[in-house]
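Open the structure in your viewer and get ready to select residues. This tour tells you what to pick next and what is there.

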Amino acid sequence: MRTAVVTIIAAVTAAVSAVPAGAAPQLPPPNDVALRAAISGLPSRETTGALVRITGSAGAWSGVAGVSDIRTGAPVRAGGRFRIGSTTKVFTGVMVLQLAQERRIDLNESVQRYLPGVLPADYPPVPVYTLLDHTSGLPSVDIPGLNDPRWVLEHRFEHWSPRQVVDTALRHPIDFQPGTAQKYTNTAYVTAGMIVEKVTGRSYARNLRERITGPLGLWDTYYPGDDPSLPNAAARGYLDVDGELVDATEMNQSIPGAAGAIVSTAEDLDGFITGLFRGRLLGREMMTRLFTVPDVPTFGGGGPALYSQGLMRIVVNGVEVWGKTGSRHGYSSGVFATRGLERKLVYSVNPTTKSSDGQPLIVQQIAAAATS
């Protein structure tokens with residue numbers, strides 16, 4: 001199912017309209033043969049390693065493939081940590097919804113109220129809730145070189161403040177009137193992280209510990225700040241640079257920040273989505289927001305919206321799942337679950353290139369196998 005998430009939006013949008021929201025899945029036990037096949041053939045030039053964890057009332061399965069280190073040939077560590085990329089957005093979204101629940105943030109109020117002077121003066125009011133469901137209209141982060149592995153490796157230890165990252169986007173006009181369309185962007189979630197810190201007077205890392213990882217007992221999940229290391233890694237991450245695989249495991253994650261910097265494990269992500277869906281982090285009103293996709297088009301004509309205020313809804317093999325994918329250099333991961341937690345999927349793979357949609361082909365194979 002998480003693989004489902006990983007399949008790209010064109011294939012998913014048709015399925016989304018074919019299954020009613022909240023449809024109860026009829027799931028067989030995990031398909032061992034299909035799952036083993038999905039992660040077979042590793043390591044390869046495109047992907048060096050993979051781990052998959054499936055749990056839930058419909059059955060459990062776990063497996064690893066490939067290597068954690070291309071020099072030693074050591075196997076992938078199922079319990080090791082990995083960079084979760086944009087799955088960080090779910091954690092950030094939950095923090096904002098918690099603060100709304102505490103009446104410390106009004107989701108209908110503007111970003112300009114909470115962060116005066118950050119958005120350009122000619123921007124319209126941008127409601128806070130639009131940051132969470134990608135309907136803000138804020139332009140994308142615009143850092144030249146981010147898609148060039150040579151640039152990434154050369155600059156991988158540099159620190160960027162959230163304001164510096166956001167300012168690269170805000171040089172451009174707003175993409176559309178807030179609330180009228182959906183366009184996925186890191187800008188919105190880096191901005192949301194800035195609001196969390198401003199309203200609480202505490203760092204993002206402390207909010208994460210006190211609001212989510214501490215209460216749920218997610219002891220291997222943390223926000224690294226400027227620490228480029230990845231202790232107890234499930235696998236090392238590599239970038240293909242002119243045919244040579246270069247180790248990119250150590251890297252400062254301040255550019256994605258509140259949109260993509262968190263480190264976690266398969267077990268912790270399973271625990272996170274379980275606790276979240278069982279209502280341990282949010283009350284009824286905010287849970288409704290978490291599972292409501294706005295009735296707006298995708299900006300640029302890509303079909304209906306897919307993102308709620310924190311999650312992504314997709315349908316794979318007729319099974320509706322909610323969760324999020326994530327991608328960092330050398331790492332591609334995701335966590336998805338059915339509403340009733342009949343099936344939960346966590347995966348992490350190690351692609352050697354960062355694809356335009358953020359997910360390698362192996363993820364599509366995992367998604368299809370996880371729901372077959």
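Start with Y307. Its relative accessibility is 10%, so Y307 counts as buried. Buried means under 20% relative accessible area, exposed means over 50%, and partly exposed lies in between (1.4 Å probe, protein chains only).

Before moving on, note that this is a predicted model: local features need pLDDT of at least 70, side-chain atom pairs count only at pLDDT 80 or more, and totals for chains, interfaces and linings use all residues. Residues are numbered from 1 along each chain as its sequence is written, and side-chain values use heavy atoms, with hydrogens and water left out.

**Stop 1: aromatic pairs**

The structure holds six aromatic pairs. Rings of Phe, Tyr and Trp (its six-membered ring) pair if their centres lie within 6.5 Å. Planes under 30 degrees apart count as stacked, over 60 as edge-to-face, and the rest as tilted.

Y184 and Y307 form a tilted pair, 5.1 Å centre to centre, with 35 degrees between the planes. The pair links distant parts of the chain, 123 residues apart. Y184 sits in the loop between helix 8 (162–169) and helix 9 (186–200). Y307 sits in the loop between helix 12 (284–290) and strand 7 (312–316). Helices (H or I, at least four residues) and strands (E, at least two) are DSSP runs, numbered from the N terminus. Is Y184 buried or partly exposed? Y184 is partly exposed, at 28% relative accessible area.

Now select Y204 and Y223. This pair is also tilted: 4.6 Å centre to centre and 50 degrees between the planes. Y204 lies in helix 10 (residues 204–216) and Y223 in the loop between helix 10 and strand 4 (238–241), so the pair ties together parts that are 19 residues apart in sequence. Y204 is buried, at 2% relative accessible area. Y223 is partly exposed, at 22%.

Next, pick F277, F291 and W322. They form one aromatic cluster.

**Stop 2: the cores**

A nonpolar core is a set of buried Ala, Val, Leu, Ile, Met, Phe, Trp, Tyr and Cys residues joined through side-chain atoms within 4.5 Å. The largest one has 77 residues. Select F82, F91, I212, F272, L276, F277 and L282, which have the most contacts inside this core. Helix 4 (residues 88–101) gives the largest share, eight residues. Another core, of 17 residues, lies apart from it; among its members are I362, I366, A369 and A370.

**Stop 3: packed helices**

Two packed helices are described by the angle between their axes and the distance between the axes. Axes are lines fitted to C-alpha atoms, for helices over the stretch in contact, and angles run from 0 to 180 degrees between N-to-C directions.

Show helix 4 with helix 11 (residues 266–277). They pack at about 35 degrees, with axes 12 Å apart. Which residues meet here? V90, F91 and V94 in helix 4 meet L269, F272 and L276 in helix 11. Contact means heavy atoms within 4.5 Å.

Switch to helix 8 and helix 9. Their angle is about 145 degrees, and their axes are 10 Å apart. Helix 8 brings P162, R163, V165, V166 and A169 to the contact, and helix 9 brings T187, V190, T191 and M194.

**Last stop: T47**

Select T47, in strand 1 (residues 47–55). T47 is buried, at 5% relative accessible area. Not counting residues up to four places away in sequence, T47 touches L42, V349, N350, P351 and I362.
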